[in-house]
Amino acid sequence: MDRTVRTIEDVLTLLDGLFASPSQSGRLATGDGKDFWDRFYTDRSRPVPFFVAKPDENLAAYLDQGLIAPGRALDLGCGAGRNALFLASRGFAVDAVDLSPVAVAWGAERAREAGVDVRFLCGDAFTLCATELSGPYDLVVDSGCFHHMPPHRRVSYLSLLDHVLAPGGHLALTSFAAGEGGAGSELADTDFYRERELQGGLAYTPDSLRWIFSDLAEVELRRMRQEPTDSALFGVTFLWTALFRRHAAADTSGHAHPAGDLA
């Protein structure tokens, strides 16, 4: 007889286990584990749009518009490092973390070839938060990590932001968009635990993102713009892009008014 729950982290770990066992179809119940992502990144020749070393169009726009400025940056779920390399080339000191050693090795290889300095770390960001990812970071970038987490891990995610994001710092988030032309599963949170599958990732509405990140001020929230294949930037319209700002220590003005175009 096991009695394994004493802390909130014990509860979260227990819930993680619901998504770690094989499903009835024989597939893994979730595509978010290290083994899945190692297999995903092993064949670099596959025509995966974000395998190309292009930064997200919204991230480039934030810099061009002066919404963010160079400083310390953390790239969560960095994959092969396309956004991390871009930020380093624009003057950021970048830490980049991913579960997959295959992805991290690819990113480090790209950094060497590009002649930029990125500190790549392999592991669980929630665990590394207590040691390697000490912050404070002026910018946290998440292009596709958040929407691959089960609902209960939003608690850990918000705790991580609270720990590492500097006052006045920004979260640049990209996630699956619910609705017409969107991507990801639109199941209710409860149903993911009944199904015990994340179904390729969770879709979000603008209102759900605003609610989850309501402790931060919204700077912009919009659809990602489609970029042509010959563009130097990555852009597909089935994603939301959002920029949120942590209130400065003396800022008690409340949330900013939405500035983005949701079309």
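Predicted model: local features only at pLDDT ≥ 70, side-chain atom pairs only at ≥ 80, totals over all residues.
Visitor: Why are helices α3 and α4 called roughly parallel to each other?

Guide: Helix α3, residues 57-64, and helix α4, residues 82-89, pack at an angle of about 15°, with their axes 11 Å apart. Angles under 35 degrees count as roughly parallel, and α3 and α4 are therefore described in that way. As for the sense of the crossing, α3 passes α4 in a right-handed manner.

Visitor: Which residues make the contact between α3 and α4, and how do they divide into nonpolar, polar and charged?

Guide: On the side of α3 the contact is made by L59, A60 and L63, and on the side of α4 by N83, F86 and L87. Five of these residues are nonpolar, one is polar and none is charged.

Visitor: What makes α2 and α5 oblique to each other?

Guide: The axes of helix α2, residues 34-42, and helix α5, residues 101-114, cross at roughly 45° and come within 7 Å. Angles of 65 to 115 degrees count as roughly perpendicular and those under 35 as roughly parallel, while those over 145 are roughly antiparallel and the rest are oblique; α2 and α5 therefore belong to the oblique class.

Visitor: Which residues of α2 and α5 meet?

Guide: From α2 come K34, D38, Y41 and T42, and they meet P101, V102, A103 and W106 in α5. The residues of this contact of α2 with α5 divide into five nonpolar, one polar and two charged.

Visitor: How do you know whether H147 is buried or exposed?

Guide: H147, which is found in the loop between β4 (137-143) and α7 (154-164), has a relative accessible area of 4%. Buried means under 20% relative accessible area, so H147 counts as buried. Leaving aside its neighbours within four places in sequence, H147 is in contact with T174, S175, F176, G201, L202, Y204 and L239.

Visitor: Which backbone atoms does the side chain of H147 reach?

Guide: The side chain of H147 reaches the backbone oxygen of G144 at 3.4 Å, and a polar atom of the H147 side chain lies 2.8 Å from the backbone nitrogen of F176.

Visitor: Why is V140 counted as buried?

Guide: V140, whose place is in strand β4, has 0% relative accessibility, and because the word buried applies under 20%, V140 falls into that class. Not counting residues up to four places away in sequence, V140 touches L74, L76, L161, V164, L165, H170, L171 and A172.

Visitor: Why are R196 and Q199 called partly exposed?

Guide: The relative accessible area of R196 is 36%, and that of Q199 is 41%. Buried means under 20% and exposed over 50%, with partly exposed in between, so R196 counts as partly exposed, and so does Q199. R196 is found in the loop between α8 (189-195) and α9 (206-212), and Q199 also lies in the loop between α8 and α9.

Visitor: What is the phi of R196, and what is the phi of Q199?

Guide: Phi of R196 is near 60° and phi of Q199 is near 55°. Most residues other than glycine have a negative phi, and most peptide bonds are trans.

Visitor: Which peptide bond is cis, with omega near -5°?

Guide: That is the bond from G135 to P136, and P136 is found in the loop between α6 (125-128) and β4.

Technical notes
Residues numbered from 1 in each chain as written. Heavy atoms only, no water. Axes fitted to C-alpha atoms, helices over the stretch in contact; angles between N-to-C directions. Helix = DSSP H or I, 4+ residues; strand = E, 2+ residues; numbered from the N terminus. Left-handed = near helix turned anticlockwise from the far one by under 90°. Contact = heavy atoms within 4.5 Å. Nonpolar A, V, L, I, M, F, W, Y, C, P; charged D, E, K, R; others polar. Buried < 20%, exposed > 50% of the residue type's maximum accessible area, 1.4 Å probe, protein only. Polar contact = N/O pair within 3.5 Å; in protein donor to acceptor, adjacent residues only side chain to side chain.
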